[in-house]
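User: I would like to learn how to read features from a model, one at a time. Where do we start?

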Amino acid sequence: MTPELRRVLEDAFPGEEARYFAPMSIGGTPSEADSGAAAILDGTKTATSSAPWNWPDGRFPFSGALSILLDGQGRARAIVETERAEIM
């Protein structure tokens, strides 16, 4: 996580470092990331999934985790809080 993105979380949720999680974007292209961010922000998209190898640091999302939602240009658009996580 870049220092700038970390600062976004620290400003919004000071003292909650254990909840900070890797920034995320939806899709594999900038266009898909823009569409995914828009769908999350307007409430259309409320769930997601990913393979275990997408979490190379070994940390999996958990209830209460905080992630910065990035658009296709890598700009912070929102902070997303995980409400529920399941390993299937």
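**Reading the features**

Analyst: We start with one residue. Thr82 sits in the segment after β2. Keep in mind that this model is predicted.

User: Is Thr82 buried or exposed?

Analyst: The general idea is a threshold: buried means under 20% relative accessible area. Thr82 has 19%, so Thr82 is buried.

User: Which residues does Thr82 touch, leaving out those up to four places away in sequence?

Analyst: Thr82 touches Pro61, Phe62, Ser63, Gly64 and Ala65.

User: Next, salt bridges. What is the general idea?

Analyst: Side chains of opposite charge can pair when their charged atoms come close. The working cut-off is a side-chain nitrogen of Lys or Arg within 4 Å of a carboxyl oxygen of Asp or Glu.

User: How many salt bridges does the rule give?

Analyst: The count comes to 5 salt bridges. One of them joins the side chains of Glu10 and Arg6, at 3.2 Å from N to O.

User: Where do Glu10 and Arg6 lie relative to each other?

Analyst: Both are in helix α1, residues 3-12. They are 4 residues apart, so about one helical turn separates them. Glu10 is partly exposed, with a relative accessible area of 31%. Arg6 is also partly exposed, with a value of 31%.

User: Which residues are linked in a network of salt bridges?

Analyst: Glu16, Arg19 and Glu81 are linked that way. Glu16 and Arg19 meet at 3.4 Å, N to O. Glu81 and Arg19 have their closest N and O atoms 2.9 Å apart.

User: What does the pair of Glu81 and Arg19 tie together?

Analyst: Look at where each partner lies. Glu81 is in strand β2 (residues 76-81), while Arg19 is in the loop between α1 and α2 (30-41). The pair therefore ties together parts that are 62 residues apart in sequence. As for accessibility, Glu81 is partly exposed at 45%, and Glu16 is partly exposed at 30%.

User: Now helix geometry. What span should α2 have?

Analyst: The expected span is 1.5 Å times one less than the number of residues. The 12 residues of α2 should therefore span 16 Å. The end C-alpha atoms of α2 are 16 Å apart, which agrees.

User: Which residues of α2 are buried?

Analyst: Ala33, Gly36, Ala37 and Ala39. They cover an arc of only 160° around the axis, which puts them on the same side of α2. Among the elements that cover these buried residues is β1 (66-70).

User: What comes just after α2?

Analyst: Check the backbone there. Gly43 takes a positive phi of about 90°.

User: Last feature: aromatic pairs. How many does the rule give?

Analyst: The count comes to 1 aromatic pair. Two numbers describe the geometry: centre distance and plane angle. The rings of Phe21 and Phe62 have their centres 6.0 Å apart and their planes at 80°. Planes over 60 degrees apart count as edge-to-face, so the pair of Phe21 and Phe62 is edge-to-face.

User: Where do Phe21 and Phe62 lie?

Analyst: Phe21 is in the loop between α1 and α2, and Phe62 is in the loop between α2 and β1. The pair thus ties together parts that are 41 residues apart in sequence.

Definitions and conventions
Residues numbered from 1 in each chain as written. Predicted model: local features only at pLDDT ≥ 70, side-chain atom pairs only at ≥ 80, totals over all residues. Heavy atoms only, no water. Helix = DSSP H or I, 4+ residues; strand = E, 2+ residues; numbered from the N terminus. Buried < 20%, exposed > 50% of the residue type's maximum accessible area, 1.4 Å probe, protein only. Contact = heavy atoms within 4.5 Å. Arc of directions from axis to C-beta. Phe/Tyr/Trp six-rings, centres within 6.5 Å; stacked < 30°, edge-to-face > 60°.
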